[in-house]
Amino acid sequence: MNLAVRQRDIDALLAASRPCWHPQPFREPLPAWCESYPALFDELNALSEAEVSRLNDDGAAALALLARHQPEWGDLVALAALPERAKVPMVEHGPRWCRDIPGRKREQIEAFAASTAHQALPVIDWCGGKGHLGRLLALQWQMPVSTLEIDRQLCQEGRQLAARQQLPQEFLEADALTVTDWPQSGQHAVALHACGELHRRLIRHGVAREVKQFDVAPCCYHRGVTQSYQPLSPRLATVLTRDDTRLAVTETVTASPRLARLRDKEMAWKLGFDAYRRQVSGNVYKTFKPVPAAWFRLPFEDFLTLMAEREALPVPGNRSAAEFEAQGWQRQRQVMRFSVVRHAFRRPLEVWLALDLAGFLEISGYRVELGVFCSRQLTPRNLLISARRS
């Protein structure tokens with residue numbers, strides 16, 4: 001399936017299904033789709049806790065469930081399934097090059113490098129941190145690499161790591177959002193998990209600067225979005241708020257049982273406070289300020305008191321605290337059931353965002369491929385946009 005057809009079809013389905021994936025069950029106790037799809041509502045309520053957990057983690061299975069109630073949604077499974085990038089053989093460089101890199105990050109870097117075709121072009125490593133990716137590419141391709149990074153300390157540490165292996169890697173201390181002289185014409189721009197506006201600016205500015213080749217693995221699409229996402233491609237019908245773009249990257253590598261329990265507890269306690277706040281100040285959701293982690297280690301009544309004081313609300317009694325904690329856990333279980341619908345669209349939304357970037361490159365004269373460079377278990381942010389100027 002070519003990119004333009006995939007983009008057209010996924011855009012049409014997401015635009016039509018927006019009333020189901022846009023509402024946030026955490027904020028809306030009963031999303032409007034519950035009335036539009038009563039049989040789906042009943043099926044979700046009949047699921048076991050184990051099935052709810054599995055479906056929230058398996059978008060394709062969740063879409064298959066939804067397709068029983070709206071058959072065309074099943075088409076999103078194929079539209080969101082992208083081919084695995086072909087791997088080039090990697091030279092073995094021994095443990096020296098990666099001794100300062102955490103294991104999972106090293107595997108991501110190696111998978112990205114193996115999925116990237118080299119054309120003997122000067123390389124710009126965009127928002128490269130300590131330059132781990134650039135260092136591997138300098139070793140692999142025997143080419144000079146320029147790593148652009150805003151953090152002075154990371155640049156200093158990167159220079160030391162490159163010098164230790166006598167590599168031709170320079171560090172450019174600059175803000176990727178404002179720099180005007182990088183990237184440069186004829187370069188090969190690489191970016192592994194440059195967040196939001198950082199990867200969008202690389203692509204926009206790189207096209208204007210006539211970059212020859214791009215290999216970009218996007219991340220955190222919501223960064224730099226104020227209220228609504230502004231597509232780079234023309235004539236798209238799907239409208240995304242900042243929270244919608246955040247939904248696209250909420251999928252994580254499966255958490256340990258301990259972290260999953262902590263996540264559930266934090267959600268339940270926040271919902272317990274939300275129930276209390278709605279009761280005393282009106283049934284309206286308000287955005288949560290960050291909650292200190294230490295507050296979740298206290299008894300719930302102390303947590304509720306601290307939250308009430310912070311919001312300038314009356315302090316509830318201990319008997320009321322028990323009631324709102326129970327309500328919080330009840331809401332948490334319901335939120336997770338309704339989230340199956342929202343999470344079913346998570347990967348299609350991420351693919352839509354990547355196709356927006358790929359479509360812009362294609363209409364700008366590049367030959368573009370979109371695929372995955374590693375397994376979801378290594379990182380869910382495994383999409384790779386590869387573009388070569390025709």
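This is a predicted model: local features need pLDDT of at least 70, side-chain atom pairs count only at pLDDT 80 or more; totals for chains, interfaces and linings use all residues.
Seven strands make up an open sheet of mixed pairing, and their order is β3-β2-β1-β4-β5-β7-β6. At the edges lie β3 (169–173) and β6 (366–372), each of which pairs on one side only. From one strand to the next, the twist averages 15°.

Helix α11 (residues 197–208) packs on this sheet and touches β1, β4, β5 (213–219), β6 and β7 (383–389). The direction of α11 makes about 160° with that of β5.

## Strand pairing around β4 and β5

Strand β1 (residues 123–126) pairs with strand β4 (residues 188–195) in the parallel sense, over 3 bridges. Here Val-123 stands opposite His-188 in β4. On to β5, the pairing of β4 is again described by bridges: 6 of them link β4 and β5 in the parallel sense. Ala-189 has Phe-214 in β5 as its bridge partner. Together with α11, the strands β4 and β5 make a β-α-β unit, and this unit is right-handed.

Strands β5 and β7 run antiparallel and are joined by 4 bridges. For Gln-213, the bridge partner in β7 is Arg-388.

## Burial of β5

Strand β5 is mostly covered, with 7 of its 7 residues buried. Gln-213, Asp-215, Ala-217 and Cys-219 point one way from the strand, while Phe-214, Val-216 and Pro-218 point the other way. The residues on both sides are all buried. Two of the bridge contacts given above involve this strand: Phe-214 is the partner of Ala-189, and Gln-213 is the partner of Arg-388.

## Helix α16

Helix α16 (residues 346–363) has 18 residues. From its first C-alpha to its last it reaches 26 Å, close to the 26 Å expected at 1.5 Å a residue. Of the 18 residues of α16, 15 are buried, so the helix is largely enclosed by the rest of the structure.

Just after α16 comes Gly-365, which takes a positive phi of about 100°.

## Cysteines

A search of the whole structure finds 0 disulfides. Cys-34 is in no disulfide, and the nearest cysteine sulfur, that of Cys-20, is 9.2 Å away. Cys-34 counts as buried, at 7% relative accessibility.

Cys-155 is likewise in no disulfide; for this residue the nearest cysteine sulfur is that of Cys-127, 11 Å away. Cys-155 is buried, and its relative accessible area is 0%.

## Backbone details in loops

The peptide bond between Trp-182 and Pro-183 is cis, with omega at about -5°. Pro-183 is found in the loop between β3 and β4.

Two residues other than glycine have a positive phi. Gln-142 has a phi of about 55° and lies in the loop between α9 (132–141) and β2 (145–149). At 61% relative accessibility, Gln-142 counts as exposed. Ala-312 has a phi near 60° and is found in the loop between α14 (300–310) and α15 (318–344). Ala-312 is exposed too, with a relative accessible area of 67%.

Definitions and conventions
Residues are numbered from 1 along each chain as its sequence is written. Side-chain values use heavy atoms; hydrogens and water are left out. Two strands pair if DSSP finds at least two bridges between them. Axes are lines fitted to C-alpha atoms, for helices over the stretch in contact, and angles run from 0 to 180 degrees between N-to-C directions. Contact means heavy atoms within 4.5 Å. A disulfide is a pair of cysteine sulfur atoms within 2.5 Å. Buried means under 20% relative accessible area, exposed over 50%, partly exposed in between (1.4 Å probe, protein chains only). The expected span of a helix is 1.5 Å times one less than its number of residues. A crossover is right-handed if, with the strands pointing away from the viewer, the path from the first strand over the helix to the second runs clockwise.
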